[in-house]
Amino acid sequence: MIRVSRFAARLAWPLGLLPLLVGLTGCPSARQPADLIVYNATVYPVDSTFSKAEALVVQDGKIQFVGTSAEARQRFSSSQEIDAQGKFIYPGFYDAHCHFYRYALGLRDASLVGTASWAEVVQKLQQHRLQNPNAAWLTGRGWDQNDWLSKQFPTKDTLDRLFPDVPVFITRIDGHAALVNQKALDLAGVTARTPISGGTITRNAQGRLTGLLVDNAVDLVSGKIPEPTPAEATALVLKAQQECVALGLTSLADAGLERAQIERIDSMQRAGQLKLRLDAMISASPANVAHYLQRGPYRTDRLTVNSFKVYADGALGSRGACLLHPYQDRPTETGFLLSSVKEYRDLARKLAASKFQMNSHAIGDSANRLLLDIYGAVLRGQKNRRWRIEHAQVVSHADVAKFGQYGIVPSVQPTHATSDMYWAGERLGAERLKTAYAYKDLLNATGRVALGSDFPVEYLNPLFGFHAAVARQDAKNFPQGGFQPENALSREQALRGMTEWAAWAAFEDDQKGTLAPGKWADFVLLDQDIMTAPAAQLRQAKVLSTYIQGERVYSAQ
């Protein structure tokens, strides 16, 4: 018989139970592998209950888990763990309406944004020419006569005198008007007798061209500006991408691209150069319509080509928006459509018979009414086609309900309200102004609004739009109490508009827009909580890091 000492027996008892204890408590080798664990955070997944969490886990570029820090670290193992130190995580911001490719190419232009006078515009052009003396054209963008004391549109006289031998082309902030010099007009063959439909070649009282072109007239000259080389375009796009991800943007809807531009974006994404996800709205030219209708919608992990961008009218600032009644400050003008009613109807019928969306720029109440009625007639009760009105800026009270009735998505830009509020009343009058920038009314009619910026018309920063949506104030927190505060959105609604609802508006909600298991790990880490921070501090929130598909594409450190 083998005798066991009391000491040995005491050792044997816990050793005998060790397999049972391991089975009850688990061990590191039993944890699931993960590529990234972020813990000790305040996470807003933007789920159905708008809950909060502490951690998220990423595997193979997708969200694996959202929950408590303790459970994340107990259930998962990763060589990359990040202590968020109590900071705040949101789904990657989605700009539902911008002009990313145009913004990128515009990085080579003179920036005229924020100029306080025509004299300052001229000074910036002279400086830009000195820095780029060999450029074939002198181009610039961003001037706005509404910011000047005189508020008068400029003429080409100064440009003709200072730059007689180089063509000059400078676009207004909204892109719907441009000023050019005589050299540019000559190169484009534009004269006082040039016919134009859906635009204006402005003349003075003596019938001479002033150099100001509005809407379709802009294209007469812009088409003559040389395109950048492929290498130049790639470099500019990558520079623009870095500016976007530094502001927490992970997805963009680029509102109006040509086939060659879409194919360049696709090529850059496939090569791993362009990380941003893009919803590319196709410019609805006859050639593009013919090509893409035959091909059908196209989607990769980072590119959606599922819609056509249509222009119904111009902009309010240049009086190209098509109104039901005359402008308050121009009683003989109502604006104009950029194409015929028949063309809009014919295109809508074609798209209704396809799988594509129709996304129409409509600013004035007349343009909005026309497109809504056309949509309703051709869709015939198909409410989940997610056709969109881009801007929906001035909508008659009688037409707001049509958005919900026909299942139309309002795609709006909150910073337009706070940029235009200083002068929009002059264009519309006090009563009609109440029907403009009515984002809460549109939300109530539809249940969703997709939020964007329209950059480069406005600034890229999505938090500027968030602040404008919830406070209805500008960068200086003016006016006190907000501009038409009855149409402010709640913070939850604004965040959903720039994440979940923006993705839904492009049929991408199965992939992104919320931080849910199985969706792409696109998220942003901020230094403050935009759900609770004082409204006056929202524009100062800083992006600490941005992730796309679990890859850190920006870090403030």
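**Close-up views of the predicted model**

**View 1. Helix 13 and helix 17 make a right-handed crossing.** In a right-handed crossing the near helix is turned clockwise from the far one by less than a right angle, and in a left-handed one anticlockwise. The model is predicted, so local features need pLDDT of at least 70 and side-chain atom pairs count only at pLDDT 80 or more, while totals for chains, interfaces and linings use all residues. Residues are numbered from 1 along each chain as its sequence is written, and side-chain values use heavy atoms, with hydrogens and water left out. Helices (H or I, at least four residues) and strands (E, at least two) are DSSP runs numbered from the N terminus. Axes are lines fitted to C-alpha atoms, for helices over the stretch in contact, and angles run from 0 to 180 degrees between N-to-C directions. From helix 13, Val400, Phe403 and Gly404 meet Asp441, Leu442, Ala445 and Thr446 of helix 17; contact means heavy atoms within 4.5 Å. By class, the residues of this contact are 4 nonpolar, 2 polar and 1 charged. Here Ala, Val, Leu, Ile, Met, Phe, Trp, Tyr, Cys and Pro count as nonpolar, Asp, Glu, Lys and Arg as charged, and the others, Gly among them, as polar.

View 2. Opposite Phe523 stands Tyr547 of strand 25.

**View 3. A second open sheet has 6 strands in the order 10-11-12-13-15-14.** Its pairing is mixed. The edge positions belong to strand 10 (110-111) and strand 14 (199-203), each with a single partner strand, so one side of each is left without a neighbour in the sheet. Strand 14 and strand 15 (residues 209-215) run antiparallel and are joined by 4 bridges. Thr200 has Val214 in strand 15 as its bridge partner. Helix 4 (residues 118-131) lies across strand 10, strand 11 (138-143), strand 12 (168-172) and strand 13 (177-180), and runs at about 145° to strand 11.

**View 4. The largest pocket holds about 1800 Å³ of space.** Of its 48 lining residues, Asp219, Ser222, Glu258, Ser283 and Tyr311 are the closest to its centre. On a 1 Å grid over the protein atoms alone, a pocket is an open set of points with protein on both sides within 12 Å along at least five of seven lines, a cavity is a set where a 1.4 Å probe fits but cannot get out, and lining residues have an atom within 4 Å of a point. Grid points are joined across faces, edges and corners, and a volume is the space filled by probe spheres set on the points. Elements that each supply at least two lining residues include helix 3 (100-106), helix 7 (218-222), strand 16 (249-257) and strand 19 (303-311). Helix 11 gives the largest share, 5 residues. The lining divides into 17 nonpolar, 17 polar and 14 charged residues.

**View 5. The second largest pocket has a volume of about 1100 Å³.** It is lined by 46 residues, with Ile173, Ser419, Val457, Glu458 and Tyr459 closest to its centre. Helix 3, strand 10, strand 11, strand 19 and helix 14 (414-420) give two or more residues each. Helix 14 contributes the most, with 5 residues. The lining has 17 nonpolar, 15 polar and 14 charged residues.

**View 6. The structure holds 5 cavities of 30 Å³ or more.** The largest cavity has about 110 Å³ of space. Among its 14 lining residues, Leu451, Gly452, Pro462, Gly465 and Met498 lie nearest its centre. Strand 9 (93-98) and helix 18 (462-471) each supply at least two residues of this lining, which has 9 nonpolar, 4 polar and 1 charged residues. The second largest cavity has about 60 Å³. Residues lining the second largest cavity include Pro91, Tyr94, Thr250, Lys512, Trp520 and Asp522.

Note on methods. Two strands pair if DSSP finds at least two bridges between them.
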